[in-house]
Every structure is written in structure tokens, then in C-alpha cells.
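Please keep the sequence and the model at hand while reading.

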Amino acid sequence: MEAPRVEQVPELMLTTPFRVRKNRRETVDTRTLELVPAGESKMPAWRPGQFMMLYVFGRGEIPISICGDPEESSVLFHTVRAVGPLSTAICDAKAGSSIGVRGPFGSAWPAEFYEGHDVVLVAGGIGLAPLRPALYRIMSNRRRYARVSLLIGSRTPDILLYPREMAAWRKRDIDIRLTVDAAAPRWKDSVGPVTVLIPRVELEPSRTVAFIVGPEIMMRFVVQALAQRGIPLSRLFVSMERNMKCAAGFCGHCQLGPAFICKDGPVFPYSQLEPWLAIRNL
Amino acid sequence: MQKDIESLLAEHPFFRDFAPDYRALIAGCGKNTHFDSGQLLARTGDSANLFFAIRHGRASIEIHSPERGPLIVQTVDGGEIVGWSWLFPPYRWTFDVRAMEEVRAISFDGECLRGKCDRDPVMGYDFMKRFARVFMQRLENTRLQLLDLYGSPAR
Amino acid sequence: MTKVAGSDCVHFLLNALQKRGYTCIGPTIRDAAIVYDEIRSEQDLPIGYTDEQDGGTYRLKKRSDQARFGYTVGPQSWKQYLFPPSTLLMTARRTSDGFEAASPIDNVRPHAFIGVRPCDLNAIAIQDRTFLKGTYIDRTYQKRREAAFIVVVNCGQAGRTCFCVSMESGPMARSGYDLALTEILESGRHEFLVETGSERGEEVAAELPFRSATEEDGHAAQRMVDRAVHQMGRTMDTSGIKELLYRNMEHPRWDNVAARCLSCANCTMVCPTCFCSSVEEVTDLTDDHTERWRRWDSCFTADHSYIHGGSVRPTTLSRYRQWMTHKLATWIDQFQTSGCVGCGRCITWCPVAIDITEEVRVIRETDGAKRH
């Protein structure tokens, strides 16, 4: 699951200008940008789970997962949450403006290695964005997988991501279950942490793989709940985040124990990370 | 009627591996109930002499706030239980419990249950252990909700 | 080939290299320390000087002879040139409908590194693994590395903070250089053994006016190196060190060292293998032109591990532990070698004299202790 070597990435630290084709508001602080290559720029090939370094001219870069359909080869989709000056600037980028793109970087969701398995996708908050490309890939090859479920945890119903797409996903035989931290009685699904959905999913533990993205605390509890159902940690894949500057394994910022999140991850089997995550402030 | 309750309890995950004679004892305190969607199973402040084993359907646990209206803080599905206020005085519900869809449940009379646990402490201890496990999980869930994990990170 | 030169070896060597267009970098005295800078003649070397080093201590002293290389290592290492403190990565300018970005023209001058100690040669090999042998290749490092002509100087003495013998990185180099010198200083004799280690080295050595070496010359050089071996100021037991540190991440010794560490980052600046960097955008006053720079960074900075409103390593303890366990343990899993070459710089240049060999010794002696 290694990222491509430098020969396939034109210039490692050179940003490519892209144009914002559309800036769609998802929630009060989250936007989805549709980016197309500007001028002579080329669309890079990418795999579900990978990320780009998105660039605001003269300000800097941040790592953002690609969240579009892998079959869509002419547009790059990124869902971004405004939490700092760079992400806010990216969320504010109007249609027609330029955003720089560098990448793709990182490891991919290993869906193709688990054909014939039950697949459980667990998304917390904006974690649904990095999982969406894996979901599209699975839906395009739906018959190759057994039961596929998507468990989504959100703070409240009104900030669920991609709600309008879920009906279409359900039609592709994806069992979608939702839960929120609190809701008004209009809400008809569950209220509680996303872990409450796990005991209710039908799966065969010896042939189940799970892809999990969300805040680290959430991922830890989800892994526990899935492990309690008998799924080994080597088949529970998480997507990790750390401070990144170069995204290529040189700057040293993203290390977690011996792993560089940018090139050994961000997708990891939990078994690889477990001893390191157990140490505080590592 | 009691025998029906007993077999229903044998199917319910909370009671499934409870000793059969304990189940028979407890069944004496239970009765079948049915709620339409939107109906309250319990109301805040009402005397709490019931605890429910939900068989089918989803129920919400709600708190009512003046400015924000009713807020669901937790949902409970078929196979789960709801209600702890019957355990200790003043025996009053501290939340609303509402059927979110059609709900079938077994309701247990609290006074009857307390009595049976007092008279057979060995059974009582087993019963309380099961209860404790459920509420331990609920507390863990509540803590995760409390952390507001998906909220805006601090600057 | 192996030759023997007189005490003015470097004079002839510099001529030969300068003739071939190399800018020669070597040890010279500046600000009361021996640093690496451009040297034009043999006289630029710290002739007749030595250094006295210990925890938090560095002093220059005059020797009683005219040794050209009678000292160990100063605060700088060769990463100054191969992995420069500031490197331009990209330029960009606004255009009417967006921006354009370009890689800068990276003209690299061929450098000859004069006086590379075996520990530092090992450090270069270690940085090669980071920058050239990983998932990606760092082209700025690659260019500078290929353009560097390396003249090793084997050590005839060791300092009080040296422990290259423990790290198997000196005091003699075996390969990976173009030329290797050993300064022979004994009973009135002052000569240099000159060994070649590459085609480039052979080509230069062929024109140097030195006599051929005899077996005795080889023995004399070996005596110099043996003296260094016996003078090592520190030792580190590296047996099972990776596992030792992995199982002692909650050892109380970390609290002890954290109480002393100032998080000043000196150790990372002087360490020849540390490679952390940051990427910064710098615009001009019009905000229409920007440059992307790579600059040295350190895991000791408070925001090195910052994400989402907080740092993963907010305490000095967590940052010191990160540095030391990376250097001695996780580096092995990442790059299949230790990250430490035993040069001793981190001990010498730590203002509170924290000694990495002592920290390992204490943890080893109290293996398994847990902090509360």
C-alpha cells in the first residue's frame, strides 16, 4: 500500500494551480470544493484514502483528504472544515478563484483486498469525507462484497454530510445507520455515540473488514466495540491525522512512533498503531 | 398470561441468560404493553414504578428545555431496557420516554420487583449486576456524547 | 592507491581540488569555535589547536605541535551544506486569473568537504537513507550530495564527549569517501597517510606529489586511530536498545531529564542526523510574489506537533522523549540503522549538560520502572 515513487509525482514540493469550479456549502463551517486543473495543469491519479496538500497563495498548505468518486477523472472534490486561518481561507474561496494542489500523498483504503467480505464503514463528523471515495469504489463493485454498512455519527442532524446522497446509496444496497449526540423529536434515528450502532450490524466477524474515520477518541472506542464483536485489529483500518508540512516523509512532523502518517498512512491497520496509541503524548 | 410473559422474556437479550426460575419469578411483575408512535411511555416527574424491556420499536429519552423544546439525549431500541428511577426513592421519572414509532414492551411493576429482590437476595444480586452493566455502558456512551467530539476544536 | 604526504598535505590537496573547480569547505576558527567554512589555503585550518569538550563545555586550546586536524568536531556538521538551513523550494506569482508556480533553478556549486570525521561520514550515510532511499527522493539533497567530494580525516584523538566506538561509526572510516587522510604525529614525525576510496579520489591522488605508502606507514596510521579508540570519553551500550526504550516509555527517568531540559533545541541543531524541517511561505510587500522555503525545524518546538487547537506533545517530557527515542530506537524501524553516530555534540552543546549516554545507562539499570 505504498504511495507512488517520485518518478510519478512530477515535482515533489511544487504546487499546481487549480480553479474552484464550485464551492458548495455543506454546513455552517464546512464546504465542498470542486477543483479543476487551471491552464496546463494535469489531473493527478489518486486512490481512495489519499490526500492533497491544498494551497492558499502566499499563505501555506494544509492536508485535506480527497472525497470524490474515483471514477470522476476531471474534477477533484475536497470537503473542508474551517478550523484555522488556512482552512477558513479555503472555505471562503469563491468559484473562479485559484487553489493550489500538491499530491496525492499517502496510503489507500485496501477495499480490493477484501472482496467477499462484509464491510463496515464508520464515520464520525467530517470523517465521512475521506471514506466517501472508498464507498463509491465499493458501490461500483457492489457484487464483489457481501454486506456493506455505513455507520455515521454526527453532532446534530442538521450538520450531517451529504444527506441528499444517502437515498441513492441505500439503493445500491448499502445499509446506512445514523446517530447524533442530541436531536429534537423530529429525528427518527438513534441518539448516542456511533458505538451504539455497532452491536446492531449483521456481520460475520471472521470475514469482516472495517474502515473507520473520526476524532481519535471516537476511533478508539469504535475499534473496541468492533473488536468485541470478534473482528481482529488487523482488519480494522483507521485514517490518522498529525501536523504535516511536506507530506512526503522528510519534515518529520507527522511521526507517531516509527510511522510517518503522511507516507506510511494515513490509512493504517489498527494493529500496527495500537502499541503507540497507548502511550500518552507520543 | 404469565407464561406468555415468561417466554417473551426468554427472547429478550436482557433476560435471555437469566436463570429460568428467576425469569418465572420476575414475569409475575410484568405485563405486555403497546405504544403508538409519539406516545409517552413515561413522563418527567410522574411516579416511577415501572421499568420497560423494549421488545420492538425505538423509544427516545428526552429532556424538555424552555427555550429549545424537547431534546432527545438517547434512544433505546428493541432488545434494550429503559428506566432506573424505580430502584430508589423518591421513585420519580427524571426524563420523558417517548415512542418514536410503534413500540411493544414489557413493563414491570417496580414495587413488585423490589419486593422479589428483597425476598430473594441471590436473585436480586444477579438482577442488579445485569442492570449495572447496562448503565455502565450508558454512562460510557454519555461521556462520549459529553465530549462533543465532532464540535469545533478549541482555537 | 595509498600515498604518504608531508605535513603540508592539505596545501597540495586544496590546489588540486580548486583546480578542478571545487569550493573547499573545511574546519576553521571563528567565534572561539572550530566551524566549517570556505577555506582557500592550508593556513585557514586551525593549525596547532585542539578542543576541550565535556557536558555543556567547549573551549579551544593551543597545542604544542602544528597538527592540522588535532581536534574533534565543532558545533556544525556537514548537513549545513547537504541539507542547508534554508532552501528555496518554489516561487509563485499572481496572474490575472490565478497564480503560476515554478521550481527554482537550483545551481549547486561542487563542494569538497575537507576533514569529514568518520562519525560525520556515517551521519551523511544516515541522512542519505532519509533523503534518497525512502518513498520519495529529495532532489535538493540529491544534487548537493552528488556534487560533494569527500575528504575524510580519520581521528588520532577523541574528546570527552566522543563515543563513536560504541555506535560503530569511527574513529576510522572504511568506505564512502573519495579520499581519507590520517595525520601521523609521533616522535618528531608529521605526515599524512592518504587513501583513495573512489574513482574521483584516485584521479586526484594520482597527481599529488606524494610518495607511495609502505606497510609501516599503515601501522603508524593504525596507531593513531588506536589512540583515539582508547580515549573515547563516553560509551553507550546499544545491545537491544530499541526494545529497551520501547518498553520504558513511561519510565520515571523521563521526568528527571524533563526537569533539566530547557527545550532549547540546541541538540537538534548540532546533531548531524536530525532532519526535521518546516515549510514556510514568504510573500513580498505587494503580496503578488511568494516563495516557499524549507527551513530547519526541531521537535523541541512547542508547535511542532500542533493539530486542531493543541499540540500532541505539549510538555518538555514528551518532546525530550520523542527526540531521544527517535534518535536511538524508532529510527532503527524507519531506516534500519541507529540515528546516532556518537559524535557527542548534543552533550557538549547542551546548556545543562544532559548526556544521552547517561540517560540510556540509567534507564537500562532501572529497566521496567514506572512513573506515577
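Ile212(A) touches Val122(A), Met219(A), Val222(A), Val223(A), Leu236(A), Phe237(A) and Val238(A), leaving aside residues up to four places away in sequence; contact here means that the C-beta atoms of two residues, placed from the backbone, lie within 7 Å. The model is a predicted one, in which local features need pLDDT of at least 70 and side-chain atom pairs count only at pLDDT 80 or more, while totals for chains, interfaces and linings use all residues. Residues are numbered from 1 along each chain as its sequence is written, and chains are lettered from A and ligands numbered from 1 in the order in which they are written.

Ile212(A) and Val151(C) are the residues with the most contacts inside the largest nonpolar core, which has 189 residues. Such a core is a set of buried Ala, Val, Leu, Ile, Met, Phe, Trp, Tyr and Cys residues joined through C-beta atoms within 7 Å; buried means that 20 or more other C-beta atoms lie within 10 Å of a residue's own, exposed 12 or fewer, and partly exposed in between, with C-beta atoms placed from the backbone. Helix α2 (residues 128-140) of chain A gives the largest share of this core, seven residues. Helices (H or I, at least four residues) and strands (E, at least two) are DSSP runs, numbered from the N terminus. Another core, of 35 residues, lies apart from it and includes Ala183(A), Val191(A), Leu41(B) and Leu113(B).

Between chains A and B, 23 residues of chain A are in contact with 21 residues of chain B. On the chain A side, β10 (190-191) and α4 (216-228) are the elements that give two or more residues, and α4(A) provides the largest share, three residues. That side divides into 13 nonpolar, six polar and four charged residues. Ala, Val, Leu, Ile, Met, Phe, Trp, Tyr, Cys and Pro count as nonpolar, Asp, Glu, Lys and Arg as charged, and the others, Gly among them, as polar.

In chain B, four strands form an open sheet in the order β1-β8-β3-β6, with antiparallel pairing; two strands pair if DSSP finds at least two bridges between them. The edge strands β1 (30-35) and β6 (81-82) of chain B each pair on one side only. Strands β3 (residues 50-56) and β8 (residues 103-109) of chain B pair over six bridges, and Ile54(B) stands opposite Ala105(B) in β8(B).
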